[in-house]
Amino acid sequence: MGKKLLGSMLLLLLGMVGFTFLPGLKVEAAEQVHTVSSQETVESIAANYDISAEQLMKTNGLPDGTLYVGQKLIIQTVYTPSIYQWTERGKQIGNYAKTFIGFKKAAEEETPINGFDSSGLIYWVLSRQQVPIDRLSVEGYYKQGMVTDTPKAGDVIFFLEKESSKIVTAGIYLGGDQFVNSGYGAETVQVRSITEKYFAQFQAEFKTFTPKGEHVVKNNETLKSISENYGVSVETIKKRNALPTDSLMQGQYLQIYSSPLYPFYANQRASYDKALDVIKYAYTLRGFPYVFGEYDPIIGMDCSGFIYWVMKEQGISVKRSSAADYYSLLRKLKSPKAGDLVFFKESDSSKEITHVGIYLGDGLFIHTTKNTGVHISDLTSSYFEQKFESFGQVQNNMD
């Protein structure tokens with residue numbers, strides 16, 4: 001009992017201080033690997049190793065208690081905090097990817113039950129780790145990800161033909177030249193090395209979906225506490241995120257440093273005076289859930305509710321309407337600017353406007369959908385290309 005109580009207290013303490021700057025705090029951990037067998041649960045495995053279920057899930061980046069026969073779980077007897085929250089998040093992503101080693105390769109699939117192709121593995125791992133992304137091809141992920149010269153675990157590694165720059169395959173980077181891949185040269189998900197003869201013939205490039213420089217707001221955090229943590233003033237954080245007040249919502253993504261993390265709008269002409277602030281603020285809501293008929297991020301938002309909320313919070317007079325109503329209000333455009341709206345129809349036959357998002361530039365837009373919540377999508381993806389209707393020019397007053 002004493003040992004379990006001490007372990008629980010240690011876990012609670014580390015949970016309270018995790019994801020903050022902790023220079024000098026490092027706890028070495030003993031590790032071993034457990035292969036999941038039939039009928040095992042997170043609780044039963046944790047009990048076998050005298051650790052908590054929460055610790056087992058955190059170590060392996062498990063998004064919930066669902067396990068799959070054959071998953072390989074790292075058993076870490078002491079939780080090691082990170083000095084930087086996105087580094088820790090990236091490790092969890094990499095560890096979760098490794099749990100699928102040995103699962104079958106399958107073209108155009110993206111689940112543990114049916115198997116994975118290379119892009120399907122990326123989609124499953126990142127989406128189950130609450131990274132809001134669409135199901136894309138490797139080419140789509142390459143276009144959407146942010147270039148990084150300092151790759152970390154959890155980033156995506158792409159292999160390109162050196163002459164044509166054609167993307168051959170991709171995987172979840174683990175660090176130390178290793179990555180998890182479902183594809184070339186194997187019939188199952190494997191840990192591969194950049195130095196292998198096959199992969200060495202290509203040019204390796206890294207893109208990140210868990211960027212250094214953002215802070216995810218935790219429960220009871222304030223702008224003041226975040227400001228003190230990073231040494232960046234409250235006013236600077238508010239300006240970089242276009243925060244309308246000092247109030248924060250748990251789960252908001254705050255940009256801490258000066259360079260835009262998703263710089264899709266950086267070289268775009270703005271559609272109206274407050275367009276860039278609308279986009280910056282919309283970015284802070286990435287990952288917030290979709291709820292039909294709602295417009296409050298804490299409850300959830302549908303697509304038109306998302307438009308209403310971000311514009312209202314930026315002082316733009318706008319009625320709470322449907323996507324079709326917004327479509328009817330705005331002049332249609334062929335050449336949109338950052339901040340304009342983009343509209344989608346259900347099908348060619350119905351022509352009914354059923355979806356709306358905010359255009360960012362470079363063919364990208366931010367919106368919310370049922371499965372993914374608020375996220376960034378690509379207009380050239382086959383799904384949105386088929387349903388695209390038009391762009392709408394946003395005026396300062398949409399009443």
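Is Glu-313 buried, partly exposed or exposed? At 22% relative accessibility, Glu-313 is classed as partly exposed, where buried means under 20% relative accessible area, exposed means over 50%, and partly exposed lies in between (1.4 Å probe, protein chains only).

Two remarks on the source. This is a predicted model, in which local features need pLDDT of at least 70 and side-chain atom pairs count only at pLDDT 80 or more, while totals for chains, interfaces and linings use all residues. Residues are numbered from 1 along each chain as its sequence is written, and side-chain values use heavy atoms, with hydrogens and water left out.

Glu-313 meets Lys-312 in a salt bridge at 2.6 Å, N to O; the term denotes a side-chain nitrogen of Lys or Arg within 4 Å of a carboxyl oxygen of Asp or Glu. Lys-312 is partly exposed as well, at 31%. The structure holds 12 salt bridges.

Consider next Lys-143 and Asp-378, whose closest N and O atoms are 3.6 Å apart. This pair links distant parts of the chain, 235 residues apart: Lys-143 lies in helix H6 and Asp-378 in strand E19. Helices (H or I, at least four residues) and strands (E, at least two) are DSSP runs, numbered from the N terminus. Lys-143 is partly exposed at 40%, whereas Asp-378 is buried at 5%.

Finally, Leu-174 is found in strand E7, residues 167-175. Its C-alpha is 8.0 Å from that of Asn-95, although 79 residues separate Leu-174 and Asn-95 in sequence.
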